[in-house]
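Here is a quick tour for anyone meeting this protein model for the first time. Have a look at the sequence and the fold, then read on.

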Amino acid sequence: MNPVRKLYSTLRWRLIPVRYAGKMVRQLTARSVPARMASGAANDTGYASCSDEMHRCGFASGPTIPAPDLAAMQDIYGSRSKAVVPKAGGHPFTNLFREDDLSADNPVFRFALSPAVLDAAHAYFDGRFQFDSIQVLYSWPTDGDLLESQLWHKDYGDSSAFHCVAYLNDVVTPEDGPFVFVDRQDSARIRSSIFIRRIDDSTFAQELSGGEVRSFLAPAGHSVLVDPSVCYHYGSRCRRPRLAIFATFSTDKPYVGAQPLIRRNARRAASAAKLVRPDLSAAYLDRLFGA
C-alpha cells in the first residue's frame, strides 16, 4: 500500500469526517437501486410497521429462523467452529461464512434474502440500499481487558445501516455474550466527537445518564433488527462460545463500499439471489449486490 492510501486508510478508521467525505464521493457517482419490478412485498403493512419502529427507536423484533433451516445452519457452522483457534488480541471472533456459501443452497444466504429480512431492509431504506455483508460470527470466551467490539461503539460504515442479528445457539444469560445496545434516543445522550469512539462501561454509564441498556437475550433461531450506525452497542463478551448471523445492509451511497466478500463476488451473489428470490427482478438484485 502506498503512503497516501495508507494514510487515508488510517484516517478513515479514526475520523468521522473522513467517512462523510467518502459518502459525498459516492453520492456523486453511485447509482440507486431501482424500485422492485415483480413484488410489492416490501409495501406489506408488517414491514412498514417494522420500518417505522426502527426509524423511531433504532431497533425492532426480527424474524425467527424455521427449525429445519436452523438445524442445517447449526450443523454447517457448528462443525466449522471446531477448527477455530482463538487469537490473543484484536476482535474476539471470526467469520465462518465463506465465498462458496454465496449459494441458493446455503440456509444462511437464503435467510438473509428472505422477505422477513430483505423486504424489511427495503422498507427501512425506502428501496435505496445495498447488500453490505453477511457473516456467521463465532465468538470465543475472553478474559482480561475488553477488546475492540466488546467496548461500546457505533458502526461508521454509513449514516444509516440495517443489521439482522440472529443467534444459532441459545444466548439467554450475560455469560453467553448477547448483543447489547441502547436505542436511538438514548444513544443521542452520548457525547459526540469527530473521532470514532470505543467507550468503556464506566464512561458510557456516566454519559448515558439514566438511559436504558438493552440486552438481546433469546433462544437459538431468534433475531433482532437494529441500526448499528445510530444505536451504541457491544457484543461478544462471552464466557461460552457464541454463533450468530449478522446480515447487514447500507444505503446505496455508503461511507465505505460493501465488505470484500460481497464486493469481490457480486455476480456470484446476485446469481444465487435470483434463485432464492425469483419474485424480484434481475435488475433489482444486480443493483443490490453491485453486480
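Cys-164 is buried, with a relative accessible area of 0%; buried here means under 20% relative accessible area, exposed over 50%, and partly exposed in between (1.4 Å probe, protein chains only). Cys-50 is buried too, at 12%. A disulfide would be a pair of cysteine sulfur atoms within 2.5 Å, and by this rule the count comes to 0 disulfides. For Cys-50, the nearest cysteine sulfur is that of Cys-164, 9.5 Å away. Seen from the other end, Cys-164 is in no disulfide, and its nearest cysteine sulfur is that of Cys-50.

A word on where this comes from: the model is predicted, so local features need pLDDT of at least 70 and side-chain atom pairs count only at pLDDT 80 or more, while totals for chains, interfaces and linings use all residues. Residues are numbered from 1 along each chain as its sequence is written, and side-chain values use heavy atoms, with hydrogens and water left out.

Now for the strands. Helices (H or I, at least four residues) and strands (E, at least two) are DSSP runs, numbered from the N terminus, and two strands pair if DSSP finds at least two bridges between them. Here are the pairings, with one example of facing residues for each.

| Strands | Bridges | Sense | Facing residues |
|---|---|---|---|
| Strand 3 (residues 129–139) and strand 9 | 10 bridges | antiparallel | Leu-137 and Ala-244 |
| Strand 4 (residues 161–167) and strand 9 | 7 bridges | antiparallel | Tyr-167 and Ala-244 |
| Strand 1 (residues 59–61) and strand 7 | 3 bridges | antiparallel | Ala-60 and Leu-225 |
| Strand 4 and strand 7 | 4 bridges | antiparallel | His-163 and Val-226 |
| Strand 5 (residues 179–181) and strand 8 | 2 bridges | antiparallel | Val-180 and Tyr-234 |

Strand 9 (residues 242–251) is mostly covered, with 10 of its 10 residues buried. In strand 7 (residues 223–226), Ser-223 and Leu-225 point one way, Val-224 and Val-226 point the other way, and all are buried. There is also an open sheet of 3 strands, in the order 6-5-8, with antiparallel pairing. Its edge strands are strand 6 (214–216) and strand 8 (233–234), each pairing on one side only.

What about the inside? In soluble globular proteins, nonpolar side chains tend to be buried together. A nonpolar core is a set of buried Ala, Val, Leu, Ile, Met, Phe, Trp, Tyr and Cys residues joined through side-chain atoms within 4.5 Å. The largest one has 51 residues, and Phe-162 and Phe-289 have the most contacts inside it. Helix 6 (residues 115–125) gives the most to this core, with 7 residues. A second, separate core of 17 residues includes Val-171, Phe-179, Cys-231 and Ala-244.

Back to Phe-162: its contacts (heavy atoms within 4.5 Å), not counting residues up to four places away in sequence, include Val-117, Ala-121 and Phe-125, as well as Leu-225, Val-226 and Phe-249.

Last stop: where does Asp-176 lie? Asp-176 sits in the loop between strand 4 and strand 5, and at 7% relative accessibility it counts as buried. Its side chain reaches the backbone nitrogen of Val-172 at 3.0 Å. Leaving out residues up to four places away in sequence, Asp-176 touches Asp-170, Val-171, Cys-238, Arg-240 and Arg-242.

Methods:
A polar contact is a pair of N or O atoms within 3.5 Å; within protein, one must be able to donate a hydrogen and the other to accept it, and residues adjacent in sequence count only if both atoms are side-chain atoms.
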